[in-house]
Amino acid sequence: MEATKRGRLELLLGATAVAVIRLYLRLAGRTVRKADVPWLLGPIGPEGAIGERAYHHVAESEGLTIDRDAPNAGLLPDLGALAGPEFDVAKVDPAVRQFYEQTARYELDVWSETQFPGRLFLWLIVSTASRYMNQLNVPVFGLETSRGMTSEVLPLRDSSGRAVHTGWQRRLLRSGRVIYSGFYTTVQPPGEASRCVKVVFPLPRGNATVILRPEYDRDGRFRLVSRGKRFGDAGFYRILELDAERLKVRYLKTLRERFDVYTDEEGVLRCDHALRFLGITMFRLHYRMRPRER
C-alpha cells in the first residue's frame, strides 16, 4: 500500500512539473510559425511517457520502419557534412570520425559526477519530470552508472531503405530507465557559418532541441558546443507545439553543453561531457568508447 501511494505521489509530482514547464513555455516562449524555422523542426513527442515510444510514434506518423539490425549505423552517416568556412573536417581524428559514422560498432562505459548546488537542482528535475516522462534520466549519483548503459542506434527508414531519422537510445542497466531517446542529424542554423550537429529529444507535445557547433580545442581535439548569444545560434531550444502550424520556443542561452571527443595516450577513444546552467556545472560525464567484440 505504501509503495502504491509513493508511486502515485511520484506520478502526481511528475505531471505537475511537466505542467509547470509547459505553462512557463506558453508565457515566456516565442511564438513562431513552423514554416519560418525549418532548421528547428524535429520529432514531437506524444503525451505521457516517452521512452522508446518516441521512435514508434515517429515511425507510425511518417510511415517509416525502425531498423534494429544495423550493425554499422552511425549517428552521422558522413561527418563531412559539418565542413564549412569555420570548421575543417580534414583535421578530425580518424578514430573520432569513425565513431560518429559507425556508432553502433561501439560499446560505452560511463562515469558520472555531480556537485552541489547543481546536484540538488538536477535531482529535483530528474526525480519529477524526467521520471514521469521516462526521458532525460541523467544519472545524478555515481552508482547509477555502476552496471553500465546500453547504446542502441536506430535508423528509421522509408520504403526505399533511406534513413530519414537516426535514433540513439541509451538506458541505465541498473534501473532500466531511459537516459535519453534522441534523434541525430545536421543542420545549418541562421546564426552559424557552418553546419552543426542537431539532437532532438522528444518530450510530451514538444521536444528539447540542442544544436551543437563543431570546434577544436587548444590541442586540436574535436569538440561540440551548444554555446550561442541569440535565437538562431547554436544552443538549447525548448519547444512546445501549439498546433499544426505554430510552436512556442524558448532559447536558453545560459544552458550550455560541451563534448570533447578524443583519443588518449593509449589510443583509447574517450569523451568528456559537461552541462552548465546559469554558470553552474549540473553534471559531468566521462565515456570510454570501445569497438564491440564480434
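**Salt bridges and surface features of the predicted model**

Glu 107 has a relative accessible area of 32% and is therefore partly exposed (buried means under 20% relative accessible area, exposed over 50%, partly exposed in between, with a 1.4 Å probe and protein chains only). The structure is a predicted model, in which local features need pLDDT of at least 70 and side-chain atom pairs count only at pLDDT 80 or more, while totals for chains, interfaces and linings use all residues. Residues are numbered from 1 along each chain as its sequence is written, and side-chain values use heavy atoms, with hydrogens and water left out.

Glu 107 is paired in a salt bridge with Arg 290, with 3.7 Å between the closest N and O atoms (a salt bridge is a side-chain nitrogen of Lys or Arg within 4 Å of a carboxyl oxygen of Asp or Glu). Because Arg 290 belongs to strand S14 (residues 280-291) and Glu 107 to strand S3 (residues 106-113), the pair ties together parts that are 183 residues apart in sequence (helices, H or I of at least four residues, and strands, E of at least two, are DSSP runs numbered from the N terminus). Arg 290 is partly exposed, at 33% relative accessible area.

In total, 24 salt bridges are counted by this rule. One of them joins Glu 47 to Arg 22, with the closest N and O atoms 3.4 Å apart. This pair links distant parts of the chain, 25 residues apart: Glu 47 is in the loop between strand S1 (30-33) and helix H2 (53-62), and Arg 22 is in helix H1 (residues 2-28). Glu 47 is partly exposed at 43% relative accessibility, whereas Arg 22, at 16%, is buried. In the salt bridge between Asp 264 and Arg 270, the closest N and O atoms are 2.7 Å apart, and both residues are buried. A network of salt bridges links Glu 52, Arg 68, Glu 152 and Arg 171.

A nonpolar surface patch is formed by Phe 116, Leu 120, Trp 123, Leu 124 and Phe 141, which together have about 550 Å² of accessible area (patches are made of residues with over 30% relative accessible area and no salt bridge, like charges being joined within 9 Å and nonpolar side chains, Val, Leu, Ile, Met, Phe, Trp and Tyr, within 5 Å; accessible areas come from the Shrake-Rupley method with a 1.4 Å probe, and for residues only the protein chains shown count as cover). Phe 116 is located in the loop between S3 and helix H4 (118-133) and is exposed, at 69% relative accessibility.

Glu 86, in the loop between strand S2 (65-66) and helix H3 (94-101), is exposed at 59% relative accessibility. Glu 86 touches Ala 193 and Ser 194, residues up to four places away in sequence not being counted (contact means heavy atoms within 4.5 Å). The C-alpha atoms of Glu 86 and Ser 194 are 6.2 Å apart in space, and the two residues are 108 residues apart in sequence.
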